[in-house]
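Here is a friendly walk through one protein model, meant to be read with the structure open beside you. We will look at helix packing and at charged pairs.

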Amino acid sequence: MKIISSAKYHAKKIAIVEGLKKWSYQDLLDGSVHFAACLLETKEHLQGARIAFMVDPGFDYVKVEWAIWRAGGIAVPLCLTHPLPSLQYVLEDTAASIIVVSPQYQSILKGYASDNNKRLITTEETGTANQPLPVIEHSDPALILYTSGTTNKPKGVVLTHANLEAQMENLVDAWKWSADDHTLCVLPLHHVHGIVNVIGCSMLAGATCEFIPNFSAEKIFTLFLENRINVFMAVPTIYYKLITYWETLAATEQESLYASLKKFRLMVCGSAALPVSTMEKWERISGHTLLERYGMTEIGMAISNPYDGERRAGYVGIPLPNVEVRLVDEQYQDIPAGEQGEILVKGENVFKEYWRKPEETKKEFTTDGWFKTGDVAIKENDYYRIVGRSSVDIIKSGGYKISALEIEEVLRNHEWIKDCAVAGIPDDEWGELVVAAVEATDGFDASIINQWIRERMPAYKTPKRYLVLEALPRNAMGKVVKNDVKKLFI
Ligand code: MLC
Ligand code: AMP
């Protein structure tokens with residue numbers, strides 16, 4: 001594994017910072033060897049066993065992730081804020097045999113683990129350093145990340161070590177990562193943006209990655225003012241929130257921040273469309289033109305504005321080196337220049353398969369091996385511009401991908417809801433807001449439904465507003481009226 005050989009090369013350098021605590025690459029190597037031994041117990045190789053982990057961002061997270069890889073397991077990061085049913089879905093779908101938790105999450109999963117005969121261990125446990133580690137093949141599966149699609153349940157995206165290395169190496173080269181870099185991780189660590197672009201690239205480059213436990217504009221700006229951090233990556237909603245907070249500051253504070261931000265080497269934005277207005281405001285605040293790029297759980301990053309050349313507002317840039325991109329029509333034939341088409345991607349960066357879903361995997365690739373992204377783009381003067389998605393059922397909110405069908409399925413289980421249609425409506429801050437049009441029975445109470453669904457689904461998937469659609473006949477619900485639903489809420 002290149003990430004391990006790179007860590008050995010940079011052994012003495014600081015890898016991780018959490019508040020006043022610091023760990024070197026040697027600490028990470030030692031910690032992950034010990035924890036790998038703990039995972040292995042008497043085994044020589046985990047042989048692709050799925051190891052789920054619910055661990056706070058920081059040293060322990062990286063230690064556990066590397067330990068799983070070094071012991072021959074497949075890492076399955078769990079979302080720290082998911083309600084139990086969502087966690088259970090991932091644990092059951094992957095048939096994870098071991099669950100690793102930060103001590104404070106033990107109580108959430110204890111009952112599930114004992115009822116289902118799973119081994120539950122905390123990050124504090126440790127094994128013996130003398131245990132030999134297995135040989136890991138490039139083609140071995142390394143990571144399963146869950147992503148929503150046009151089906152009602154999220155699918156596990158299987159990424160091999162080869163996929164992850166290609167994704168990281170492409171970005172380290174394209175964005176000129178170096179061991180002198182110091183980045184700040186504010187993103188959730190069950191998605192590719194935080195895992196690959198922030199932690200993976202910084203570790204591969206021998207750079208330093210600093211963590212804060214959760215998003216706080218105030219905390220982020222405080223750290224920026226300390227002039228250590230020089231690389232930052234986030235979703236558009238985070239830049240929007242930082243701008244909103246910046247607007248509340250006194251002029252002198254704004255000037256100090258400008259001076260600190262101006263010294264950054266790189267600021268990247270992605271996971272959802274970056275509004276031109278956000279890009280322009282950030283430029284005034286920081287003196288930086290954000291580098292927007294386009295990616296997906298299944299492919300890592302595929303298209304990026306250039307590090308050195310023109311960063312064009314409203315465009316995601318040009319294909320990264322070693323990533324092939326085509327725009328095609330509905331028959332998967334190349335479209336004439338200047339027309340819009342679905343983005344197809346090929347390269348070592350592209351995932352292996354959907355976990356235990358051979359039919360769905362096959363469906364998402366063309367017969368000659370191109371991955372169908374479902375995103376529609378147009379190429380103008382060599383730069384790609386994303387114009388939409390081929391499915392109205394996929395919503396992007398706060399950088400999270402959300403399946404409208406998944407929410408509809410849950411809502412329909414409530415006795416007050418006869419039928420419903422969920423859609424995303426444009427929103428400056430969140431990109432899209434999740435809304436639900438509901439055909440309700442008597443007694444329907446939106447606030448009770450809101451609470452009810454939040455116990456079953458993560459808050460960011462929960463519809464923000466409800467409208468009782470008495471005017472629409474029952475059969476008008478569903479896919480065909482999604483655009484009407486959107487109009488109703490705007
Ligand atoms: C939260 N809220 C939302 C919301 N998310 N409202 C509307 N839409 C959403 N999506 C509401 C909550 O319900 C709550 O409201 C209030 O906002 C605060 O919630 P929170 O959870 O505390 O939000 P916050 O902590 O402010 O987090 C916002 C955020 C977070 C932007 C930091 O959403 C985030 O980390 N997003 C990043 C996701 C990400 O990494 N995506 C990458 C996927 S990979 P109330 O009323 O209850 O107070 C990928 C590939 C690629 O896409 O290309 O990178
Ligand atoms: P996910 O499945 O969560 O990895 O989300 C991937 C999706 O995010 C892509 O298929 C796109 O629809 C969207 N996306 C990522 N980056 C951008 C971007 N820069 N502009 C527009 N959409 C983006």
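## Terms and ground rules

Buried means under 20% relative accessible area, exposed means over 50%, and partly exposed is in between (1.4 Å probe, protein chains only). Contact means heavy atoms within 4.5 Å. Helices (H or I, at least four residues) and strands (E, at least two) are DSSP runs, numbered from the N terminus.

This is a predicted model, in which local features need pLDDT of at least 70 and side-chain atom pairs count only at pLDDT 80 or more, while totals for chains, interfaces and linings use all residues. Residues are numbered from 1 along each chain as its sequence is written, chains are lettered from A and ligands numbered from 1 in the order in which they are written, and side-chain values use heavy atoms, leaving out hydrogens and water.

## Helix H9 and its neighbours

Let's begin with H9, residues 236-246. Its buried residues are Pro236, Thr237, Ile238, Tyr239, Leu242, Ile243 and Trp246. They pack against H8, strand S11 (231-234), helix H10 (251-262), strand S12 (266-269) and helix H11 (276-286).

How do H8 and H9 cross? The axes of H8 (residues 217-225) and H9 come within 9 Å and cross at roughly 80°; axes here are lines fitted to C-alpha atoms, for helices over the stretch in contact, with angles running from 0 to 180 degrees between N-to-C directions. The two helices are therefore roughly perpendicular to each other (angles under 35 degrees count as roughly parallel, over 145 as roughly antiparallel, 65 to 115 as roughly perpendicular and the rest as oblique). H8 brings Ala217, Glu218, Ile220 and Phe221 to the contact, and H9 brings Lys241, Leu242, Tyr245 and Trp246. These residues divide into six nonpolar, no polar and two charged; Ala, Val, Leu, Ile, Met, Phe, Trp, Tyr, Cys and Pro count as nonpolar, Asp, Glu, Lys and Arg as charged, and the others, Gly among them, as polar.

## Helix H6, mostly covered

In H6, 11 of the 14 residues are buried, among them His161, Leu164, Met168 and Val172. The cover over the buried residues includes helix H1 (2-9), helix H3 (59-70), strand S7 (141-147), strand S8 (155-160), helix H7 (192-205) and S14. Just after H6, Lys176 takes a positive phi of about 55°.

## Charged pairs

Lys176 also takes part in a salt bridge, its partner being Asp308 (2.6 Å, N to O). A salt bridge is a side-chain nitrogen of Lys or Arg within 4 Å of a carboxyl oxygen of Asp or Glu. Lys176 sits in the loop between H6 (161-174) and strand S9 (182-185), and Asp308 in the loop between S14 (300-304) and strand S15 (318-319), so the pair ties together parts 132 residues apart in sequence. Lys176 is partly exposed at 42% relative accessible area, whereas Asp308 is exposed at 59%.

How many salt bridges does the whole structure hold? The search finds 18. One of them joins Lys461 and Glu406, with the closest N and O atoms 3.2 Å apart. Here both partners are covered: Lys461 is buried at 6% relative accessible area and Glu406 is buried at 10%. Glu41 and Arg119 meet in another salt bridge, at 3.3 Å from N to O, and this pair links parts of the chain 78 residues apart. Glu41 is partly exposed at 44%, and Arg119 is partly exposed at 22%.
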